[in-house]
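Hi there,

Here is the structure I promised to pass on. Have a look at it first, and my notes follow below.

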Amino acid sequence: MKGGFKDKMDGVYKHYVIDLSCNNNFVQVPAVQGDGNNVRGFEVELISNNVQYVVDAENTIVSIAGTKPDTKQILNECKVTSEGFILVDITSQMTAVAGRGDYSITLMDKNTNSLLQSFPFYI
C-alpha cells in the first residue's frame, strides 16, 4: 500500500497497490455508512511480480465486484486513469448497511471475454 490521500472529483481517495500474483493484499478501505457517490473511493495500482500491470482501458472492462455487508452482490464499472490506475468509487449502495464487504477488482477483455480477478479485499 502506498501512502497519501488524494483529492479527486472533490472526494477523498487513497492509493493502494494490489498484487495479482499473491494473496497478501491486506487492503482495508475505510468508508462511512451513508456516504454518497463521488465522496470516497480509492485508486488501485495493480502489480504482478513487482511490475505494474498495465490495463488496456480501450479493450478492457474494469469493475469492482463483491458482496456487500447485507449479502447482496454488486458489480460496478470503474475508470482507468492516465497513469494506468483504477479509480473505484465507493457508492451509496456499498455503504447503505454497516459492516464489512468483500470485494475484488475484475478485468474483462472485450475481445476474448477472458477474466482476470484480484484476490479479495475488504471495505
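A word on burial before anything else: a residue is called buried under 20% relative accessible area, exposed over 50% and partly exposed in between, using a 1.4 Å probe and protein chains only. This is a predicted model, in which local features need pLDDT of at least 70 and side-chain atom pairs count only at pLDDT 80 or more, while totals for chains, interfaces and linings use all residues. Residues are numbered from 1 along each chain as its sequence is written, and side-chain values use heavy atoms, with hydrogens and water left out.

Let me start with the aromatic residues. Rings of Phe, Tyr and Trp (its six-membered ring) pair if their centres lie within 6.5 Å; planes under 30 degrees apart are stacked, over 60 edge-to-face, and the rest tilted. Searching the whole structure turns up two aromatic pairs. One of them joins Tyr-16 and Phe-42 edge-to-face, at 6.0 Å centre to centre and with 85° between the planes. This pair links distant parts of the chain, since Tyr-16 belongs to strand 2 (residues 11-19) and Phe-42 to strand 3, 26 residues apart. Strands here are DSSP runs of E with at least two residues, numbered from the N terminus. Tyr-16 is buried, because its relative accessible area is 2%, and Phe-42 is buried because its value is 0%.

Phe-42 also pairs with Phe-121, again edge-to-face, at 5.7 Å centre to centre with 85° between the planes. Phe-42 lies in strand 3 and Phe-121 in strand 11 (residues 121-122), so this pair ties together parts that are 79 residues apart in sequence. Tyr-16, Phe-42 and Phe-121 form one aromatic cluster.

Strand 3 (residues 40-48) also holds Gly-41, which counts as buried because its relative accessibility is 7%.

What does strand 3 pair with in the antiparallel sense over five bridges? The partner is strand 8, where two strands pair if DSSP finds at least two bridges between them. Arg-40 stands opposite Ile-90 of strand 8. Strand 8 (residues 86-90) is mostly covered, with five of its five residues buried. Both of its faces are covered: Ile-86, Val-88 and Ile-90 are on one side, and Leu-87 and Asp-89 on the other.

Strand 8 has an antiparallel pairing with strand 7 (residues 79-80) too, over two bridges, and here Lys-79 stands opposite Leu-87. Strands 7 and 8 form a hairpin with five residues between them, and Gly-84 in the turn has a positive phi of about 90°.

Two further spots may interest you. Thr-60 is in strand 5 (residues 60-67) and counts as buried because its relative accessibility is 15%. The side chain of Thr-60 reaches the backbone oxygen of Asp-56 at 2.8 Å. Beyond its neighbours within four places in sequence, Thr-60 is in contact (heavy atoms within 4.5 Å) with Val-55, Leu-107, Met-108 and Lys-110.

The other is Arg-100, which lies over the face of Tyr-122, at 3.7 Å from the ring centre. For this, a charge sits over a ring if NZ of Lys or CZ of Arg is within 6 Å of the ring centre and within 35 degrees of the ring normal.

Best wishes

Terms used:
Helix = DSSP H or I, 4+ residues; strand = E, 2+ residues; numbered from the N terminus. Polar contact = N/O pair within 3.5 Å; in protein donor to acceptor, adjacent residues only side chain to side chain.
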